[in-house]
Amino acid sequence: MRMREVELHTPILEGETRKLKIGDRIFISGTLVTARDAAHKRIMKWITEKKSLPFSLEGSALYHCGPLVRKVEEKWIVLAAGPTTSMRMEPFEADVIKNLGVKLIIGKGGMGEKTRDAMKRYGAVYGVFTGGAAVLAAEHIEKVVRVEWLDLGMSDAVWIFEVKRFGPITVGMDSHGRSLYEEVRSGALGRLNEILEHSTLKNPKPTKLS
Amino acid sequence: MNTERLIEKVAVNLLRLAVTELPPDVKEALKNAYNKERSQIGKAQLKAILDNIRLAEEKGIPLCQDTGLISFYIRACSKFEHLERIEKILQRAVMQATVEIPLRPNALDPFTQKNTNNNVGRHVPHIHWSIIKGDFLEITALPKGGGSENMCALRMLKPAEGLSGLKRFILERVVEAGGMPCPPTIIGVGIGGGSDIAMELAKMAILRPLDERHPDDFVVQLEQELLEAVNKTGIGPMGLGGDSTALALRIEYAHRHPASYPVAIAFQCWAARRATARIYADGSVECLSHRDRSFL
């Protein structure tokens, strides 16, 4: 698969995300907003209650991340900030895309059909930053702009980061309904019976008890 | 230094070592995976992984922000001093490590969702005990990330399904897990015993160093066959496709009840963090997981 490289800046426009295809590599500069499941749950609750959120997600990059941060003389320092498993946010994400205008979701592991459909409809994409590569991710975070909902704990608060060429992020799901994860998975399922049939095992001997 | 202080210090250092520096066998396996990977996207993932490992070591920063839920595996000779106090000592070590290293606070009350903010809570850190012959206390720290842990599974197979049922279960689980456990993973498989024993064995299996062979030849064969099968799925690094889905597959087993065939699968992410040290009765300390590492 080809790997085209694209530079993006926030706010991201639908015209930009529509051009992206699975397998493309993105580097993003501007504002990243983190949210994990607890924050997503609260976002949806506040939307339902028509309360205004203390941050904007319009044209923004939403990062599934629970960072490791340290406060040094009243200033937050991000030590490690890799992505968390995106599938936990699946119940909320379609509504977040619809209501808040998120254009880029960054996480790991991919998301489900409901999110894929919302991305197709509203022109958003899902990008994967290598899971666990948390120090590498932190290298591209220039500063913590602010933190909201810290009552949810360090990992679940909403962190607003200013980033420079954050990436590479691989487009895992595009706004045309394609998912690299689904393609990899269906390839695997297609090979499953063949893999299961192949065996070179020789008969086991009874275990020696020590 | 008194023994109690020594144990605490060693435990803090084990946690620091575990979260900032992968054991050499894991690093080696990741380098091999990078060299062999044919998928361009997969190779880019492995490149980021190797770069990240190097950066974390240089800076002495945890390589993944998820510094895990912490457990310890203890092998202790029965005459070692202070065994009854180990639990308290390790709790203190975890609290200290959380501030000093630092570790992300990861222990939450399941009902109130309140974070203890020090990684200590009810049954956390959990301690697995074995009492052995010898003159030492061996401590393994296993800070295990949530992403891979969420993919662990247990199935009570029908005994008639046997090995082919086992193979199907493992493969289906690997495909279902996809990129979520941060592949290339280390997969632990526990077979037999009861449900609890199967999972305990699967967790023990992921702790076995990658350059250490299982003593049973059939297990070695089965590990090899299942590893090849897992890698043929093509799930690849981070589930984006490629040759390297698992770095290793390790099996531990127990005898089973005639009616039961429990199989547990435990995933360990590529950031397979563990550190082991021995404290001898004379106060000397030896690091087993990371060679030539001085602790004091």
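Two residues are in contact if their C-beta atoms, placed from the backbone, lie within 7 Å. By that rule, the buried residues of α8(B) are covered by elements that include α6 of chain A as well as α6, β5 and β6 of chain B. This is a predicted model, in which local features need pLDDT of at least 70 and side-chain atom pairs count only at pLDDT 80 or more, while totals for chains, interfaces and linings use all residues. Residues are numbered from 1 along each chain as its sequence is written, and chains are lettered from A and ligands numbered from 1 in the order in which they are written.

**Confidence**

- The average pLDDT of chain B is 96, and 100% of its residues score at least 70; pLDDT is the predictor's confidence in each residue, from 0 to 100.
- For the complex, the predictor gives an ipTM of 0.93 and a pTM of 0.95.

**Chain A**

- Chain A contains six helices and nine strands, where helices (H or I, at least four residues) and strands (E, at least two) are DSSP runs numbered from the N terminus.
- The C-alpha trace of chain A spans about 65 × 45 × 35 Å along its principal axes.
- Of the 210 residues in chain A, 50% are buried; a residue is buried if 20 or more other C-beta atoms lie within 10 Å of its own, exposed if 12 or fewer, and partly exposed in between, with C-beta atoms placed from the backbone.
- Among contacts in chain A between residues at least 6 apart in sequence, 65% join residues at least 24 apart.

**Where the chains meet**

- Contacts between the chains involve 50 residues of chain A and 49 residues of chain B.
- On the side of chain A that touches chain B, at least two residues each come from β4 (68–72), β5 (75–80), α5 (134–139), β9 (158–173) and α6 of chain A.
- The largest share of that side, 11 residues, is supplied by α6(A).
- By class, the side of chain A that touches chain B has 25 nonpolar, 18 polar and seven charged residues; Ala, Val, Leu, Ile, Met, Phe, Trp, Tyr, Cys and Pro count as nonpolar, Asp, Glu, Lys and Arg as charged, and the others, Gly among them, as polar.

**The α6(A) and α6(B) pair**

- The axes of α6(A) and α6(B) come within 10 Å and cross at roughly 170 degrees; axes are lines fitted to C-alpha atoms, for helices over the stretch in contact, and angles run from 0 to 180 degrees between N-to-C directions.
- That crossing makes α6(A) roughly antiparallel to α6(B), since angles over 145 degrees count as roughly antiparallel, under 35 as roughly parallel, 65 to 115 as roughly perpendicular and the rest as oblique.
- The residues making this contact include A:Leu189 and A:Leu192 of α6(A), and B:Leu171 and B:Val175 of α6(B).
- By class, this contact has seven nonpolar, no polar and three charged residues.

**Helices of chain B**

- Helix α6(B), residues 162–177, has 16 residues and reaches 23 Å from its first C-alpha to its last, close to the 22 Å expected; the expected span is 1.5 Å times one less than the number of residues.
- Buried residues of α6(B) include B:Leu166, B:Ile170 and B:Val174, and B:Gly178, with a positive phi near 50 degrees, follows the helix.
- Buried residues of α8(B) include B:Leu222, B:Glu223 and B:Leu226, and B:Gly234, with a positive phi near 75 degrees, follows this helix.

**B:Asp243**

- B:Asp243 lies in the loop between α8 and β6 (246–256) of chain B and is partly exposed, with 18 other C-beta atoms within 10 Å.
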